[in-house]
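Here are a few friendly notes to read alongside the model.

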Amino acid sequence: MKNKFTLPSASLIQQLRISVIIFFISVSGLSAFAQATTAIGTAKVWGTVDGVAIEGVVQGPSAQVSDLQVACVFEYTEGDIFNSPPALPPALNGLLHLDQDMKGLLTAIRKGGKFAGHPNETLLITPPKGSIGSKHLLLIGLGDRNKFTPELMTGIGSVAMREALKLGISNFSFASDLKDAGIDSPTALVAGNVVKGIFEAYRAQLWLKEKQLVKVTPVSKVILLAGPAFFTTAGEGIQEAISALKN
């Protein structure tokens, strides 16, 4: 008996064509995303302001080596840094890594009400030796996640610089951690506002120093951390802020 061969219907052929098109669009999209990411550990000095180098680094707050690590957190909601989405996936979530490397201390502090995370609230911690890359960890509150605006980050940058100057350190690294916490924020604008706030505070302290009203240990470097997918965009915002500060 001869095998019968039936030609596929026109509708089936059309479905196959659509499937192939979708497949190639998906692959192309993934390729574009891969090309847009920057390797972990990449570092670049975007410029200098008042003798302070502004360096961008693709790194999480747990791994970055500096005198002080600044991490920003919202008011606590159950599982906020763990639930993905909206939080970043575990492999890319800097807040999650910070919590894990500190044996759950970050969550314990927030969940237990020891740090409420109100806007501009601060908590300075000396991490257990060998747990993270920095000598000090500064938490800065961002408030209610549902009320976040990019303008808040200017004040947050100022708080970070003032606290760094109190410690008398020469460098600090800053992680806004907005993406980690699931906030779809405008990366360039946020990064630029942080830089503006940092130097508003620094210039105020330098002015007071000229008046012999305070003693200031000069800061040599500020390190702004970004995830692999956001490094380039953050750099654009940082460079715009540097240009504005120099004009």
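1. The buried residues of H6 pack against strand E1 (43–49), strand E2 (52–58), H5 and strand E7 (221–226). Contact here means heavy atoms within 4.5 Å, and buried means under 20% relative accessible area, with exposed over 50% and partly exposed in between (1.4 Å probe, protein chains only). Helices (H or I, at least four residues) and strands (E, at least two) are DSSP runs, numbered from the N terminus.

2. A word on the basis: this is a predicted model, where local features need pLDDT of at least 70 and side-chain atom pairs count only at pLDDT 80 or more, while totals for chains, interfaces and linings use all residues. Residues are numbered from 1 along each chain as its sequence is written, and side-chain values use heavy atoms, leaving out hydrogens and water.

3. Which residues of H6 are buried? They are Phe-231, Ala-234, Gly-235, Gly-237, Ile-238, Ala-241, Ile-242 and Leu-245. They cover an arc of only 165° around the axis, so they lie on the same side of H6; the arc is that of the directions from the helix axis to the C-beta atoms.

4. The largest nonpolar core has 58 residues, and Met-153, Met-161, Phe-172, Phe-174, Phe-199 and Leu-224 touch the most other members. Helix H5 (residues 187–210) gives the most to this core, with eight residues. Such a core is a set of buried Ala, Val, Leu, Ile, Met, Phe, Trp, Tyr and Cys residues joined through side-chain atoms within 4.5 Å.

5. Leu-224 deserves a look in the viewer. Leaving aside residues up to four places away in sequence, Leu-224 touches Ile-54, Glu-55, Gly-56, Val-57, Phe-174, Val-194, Val-195, Ile-198 and Ile-238.

6. The peptide bond from Ser-84 to Pro-85 is cis, with omega near -10°, and another cis bond joins Pro-85 and Pro-86, with omega about 10°. Most peptide bonds are trans, and most residues other than glycine have a negative phi.

7. Lys-103 has a phi near 60° and is exposed, with a relative accessible area of 77%. Asn-120 has a positive phi of about 70° and counts as partly exposed at 35% relative accessibility. Just after H5, Gln-212 takes a positive phi of about 60°.
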